[in-house]
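Work through the following exercises with the sequence and the coordinates at hand, and try each task before reading its solution.

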Amino acid sequence: MSIVEVKVPELSESVAEATMLTWKKKAGEAVAVDEILIEIETDKVVLEVPAPSAGVLAEIVQGDGATVTAGQVIAKIDTEGKAGAAAPAAAPAAAPAAAAPAPAQAAAAATGGSKSDVAMPAAAKLLADNNLSTGDVAGSGKDGRVTKGDVLGAVASGTTAKAPAAAPAPAAKPALQQVAAPSSPKDLGERPEQRVPMSRLRARIAERLLQSQSTNAILTTFNEVNMAPVMEMRKKFQDQFTKEHGVKIGFMSFFVKAAVHALKKFPVINASVDGNDIVYHGYFDIGIAVGSPRGLVVPILRNADQMSFAEIEKKIAEFGKKAQDGKLGIEDMTGGTFSISNGGTFGSMLSTPIINPPQSAILGVHATKDRAVVENGQIVIRPMNYLAMSYDHRIIDGREAVLGLVAMKEALEDPSRLLFDI
């Protein structure tokens, strides 16, 4: 027998521990080299753990839901073993975190284990909650995987081959991922609830937001920008740009360029607080808030001042894809000197974004809508966007904040300024 240990990969310096999700293999099953055995969730990313060598999964040392640290042994592979001759798998951890992966095991059991690998962990939980198998829902994810959105959409539209749900134990609460409003008077007596533990990422988001609110003197300044010049420029060069670079030019690259333009004029907006010191950064690493199935993440455009429009658009598209697939790495989200949050993607008209520590400012972008504005004494219709910049008033005075946002507004209303850095 030749045993190879499977260990938890290296975590970032700021991450002490992680949570095991659901094993994709059982003890005794054959594994191929680099085959993904399990995903491990930290408070920042989900890491995939591949098999270091081919063989048989001889032992699962840490079960679903266990809390583990970097370098810890979680399983053993017998490189000379035969399938079916392995030791029993480790029992799931008794910690509360094990509650989340448990429904995923139920979903795998419902499908006989044959399709458990085509449902994402959150989707597997929903499948179990609704007494469904992977065969009942069409998958839209990578390699046909069933995603959380696929299950929610199928349940909402009633397009699944849903079997009657088993009666819950008397003391258990209904396990529903989301609670729908009553569809008829007869449903008014049903008031289902569900209690689920926060994921590590969601708990970390909550912690950082509270930290930001309690440690920063947050103030928000607003302005409005006429987006017509940007829209006209995009329309004029879109086809040529797409043909040349293989990606469409969006609004976000303009916002990034405008932000960098303003940060150069007012460096304190790009600074951070470290104790009693102000750290001025001589580089521009712009965080772009991106929604993902696990929550809001903020990957970083490093040296954004040196990036072209095409490079920015390609990198943002890459971040979006990686976020949806759960592939963002710790290195993608570490650092950042300023952030941009685009609530307009979801239809937001106005908001006061919360600073992402240790940064000192964040720009909130919103939906562009036609509005009546006054120009030269005349009422005209223009595509307007409200900008909001929250800043840490401990180091950024109102003058710098207001003028910084005005600089962004002027750059967007006359994009040629970006070419001449004026």
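The accessible surface of the protein comes to about 21800 Å² (Shrake-Rupley method, 1.4 Å probe; for residues, only the protein chains shown count as cover), and 54% of this surface belongs to carbon and sulfur atoms. The model is a predicted one, in which local features need pLDDT of at least 70 and side-chain atom pairs count only at pLDDT 80 or more, while totals for chains, interfaces and linings use all residues. Residues are numbered from 1 along each chain as its sequence is written, and side-chain values use heavy atoms, with hydrogens and water left out.

**Exercise 1. Find the residues that make the nonpolar surface patch of about 270 Å².**

Step one is the criterion: patches are made of residues with over 30% relative accessible area and no salt bridge, like charges being joined within 9 Å and nonpolar side chains (Val, Leu, Ile, Met, Phe, Trp, Tyr) within 5 Å. Step two gives the members, which are Phe222, Met349 and Leu350. Step three takes up Phe222, which lies in strand β9, residues 218-226 (strands are DSSP runs of E, at least two residues, and helices runs of H or I, at least four, numbered from the N terminus). Phe222 is partly exposed at a relative accessible area of 41%, where buried means under 20%, exposed over 50% and partly exposed in between, with a 1.4 Å probe and protein chains only.

**Exercise 2. Locate the salt bridge between lysine 409 and glutamate 413, and state whether each partner is buried or partly exposed.**

A salt bridge requires a side-chain nitrogen of Lys or Arg within 4 Å of a carboxyl oxygen of Asp or Glu, and the closest N and O atoms of lysine 409 and glutamate 413 are 3.0 Å apart. Both residues belong to helix α9 (residues 398-413), and because they are 4 residues apart there, about one helical turn separates them. Lysine 409 is buried, with a relative accessible area of 18%, whereas glutamate 413 counts as partly exposed at 27%. Elsewhere, salt bridges that share partners join Lys315, Glu318, Lys322 and Asp332 into one network.

**Exercise 3. Which aromatic rings lie under the charged ends of arginine 234 and arginine 371?**

The test is that NZ of Lys or CZ of Arg is within 6 Å of the ring centre and within 35 degrees of the ring normal. The charged end of arginine 234 sits over the ring of phenylalanine 251, 4.3 Å from its centre. For arginine 371, the ring is that of tyrosine 386, with a distance of 4.2 Å to the centre.
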